[in-house]
Amino acid sequence: MASPFLAIDIGNTRLKWALYDGAHPGAVLQAQGAEFLDHIERLADGPWADLPAPGSMLGCVVAGDAVRRRAEEQINERFDCTPRWVMSSAGEAGIVNGYDHPTRLGADRFVAMIGARHRMLAQGPARPMVVVMIGTAVTVEAIDADGKFLGGLILPGHGIMLRALESGTAGLHVPTGEVREFPTNTSDALTSGGTYAIAGAVERMVQHVRSHCGAEPACYMTGGAGWKMAPVMNGHFELVESLIMDGLLVIARERAAV
């Protein structure tokens with residue numbers, strides 16, 4: 001019988017975790033949660049206190065070595081499994097990394113592309129892809145039908161945009177507004193401006209991929225604020241909350257088979 005598998009995604013703001021009944025795509029989710037990075041020390045005696053012990057774990061980190069070490073302390077305190085972390089490489093699990101310096105690509109971006117490609121192939125023939133993560137920062141990745149990562153965009157998320165405007169202008173300390181086609185108050189103008197700035201960058205990348213690959217890309221969106229963006233996008237974006245976790249499951253299976 002397979003032992004449970006712990007997947008961890010440490011972003012710029014939160015640590016997300018999920019416990020599955022095995023280390024393979026399609027594994028059954030048994031428990032999940034998230035902690036702000038300031039609260040990582042709560043995990044062992046809090047949300048993880050009553051979890052069944054995982055036989056293995058795999059994670060990705062973009063928040064830096066100090067945060068990774070704090071997470072490892074919680075893993076070692078509560079579980080008897082070795083912390084393992086994905087590092088971006090020249091290629092893995094169907095993705096060929098076209099970055100100028102492959103190891104400098106954010107691990108979360110690499111893992112999300114792997115998860116998206118596995119999902120796309122499960123749905124039908126190979127196609128180009130655009131993979132969008134909406135978090136503290138926004139990333140927009142382009143992948144061709146053969147799985148080659150062509151390149152990607154990085155731009156500020158909603159919160160960073162609003163804070164930049166508040167710090168750089170006078171009198172813009174206003175509540176978050178709604179997304180409107182024609183905003184008629186400052187709150188709505190700020191929220192709509194940030195939302196459409198992100199949407200415009202994403203839609204430009206979709207055009208680039210369509211032109212470069214000569215085919216319509218499969219488009220996936222993930223990240224904590226993805227639900228805010230998906231309704232305003234032109235064209236169909238499949239919102240997949242667990243794209244990084246899906247990628248970690250794919251990588252875990254591939255590595256176990258070697």
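How do the axes of helix α2 (residues 107-123) and helix α6 (residues 243-257) cross? I began with this pair and found that the axes come within 7 Å and cross at roughly 80°, where axes are lines fitted to C-alpha atoms, for helices over the stretch in contact, and angles run from 0 to 180 degrees between N-to-C directions. That makes α2 roughly perpendicular to α6, a label for angles of 65 to 115 degrees, while those under 35 count as roughly parallel, those over 145 as roughly antiparallel and the rest as oblique.

Before going on, I noted that this is a predicted model, in which local features need pLDDT of at least 70 and side-chain atom pairs count only at pLDDT 80 or more, while totals for chains, interfaces and linings use all residues. I also noted that residues are numbered from 1 along each chain as its sequence is written, and that side-chain values use heavy atoms, with hydrogens and water left out.

By class, the contact of α2 with α6 has nine nonpolar, three polar and four charged residues.

Next I turned to the sheet, with helices (H or I, at least four residues) and strands (E, at least two) taken as DSSP runs numbered from the N terminus. Seven strands form an open sheet in the order β5-β6-β9-β8-β7-β10-β11, with mixed pairing, where two strands pair if DSSP finds at least two bridges between them. I found β5 and β11 (238-239) at the edges, each pairing on one side only. Strands β8 (residues 137-143) and β9 (residues 148-156) are antiparallel partners over seven bridges, and Thr139 has Ile154 in β9 as its bridge partner. Helix α4 (residues 186-213) packs on the sheet and touches β7 (129-134), β8, β9 and β10 (218-222), its direction making about 165° with that of β9.

Last, I checked the cysteines and found zero disulfides, a disulfide being a pair of cysteine sulfur atoms within 2.5 Å.

Terms used
Contact means heavy atoms within 4.5 Å. Ala, Val, Leu, Ile, Met, Phe, Trp, Tyr, Cys and Pro count as nonpolar, Asp, Glu, Lys and Arg as charged, and the others, Gly among them, as polar.
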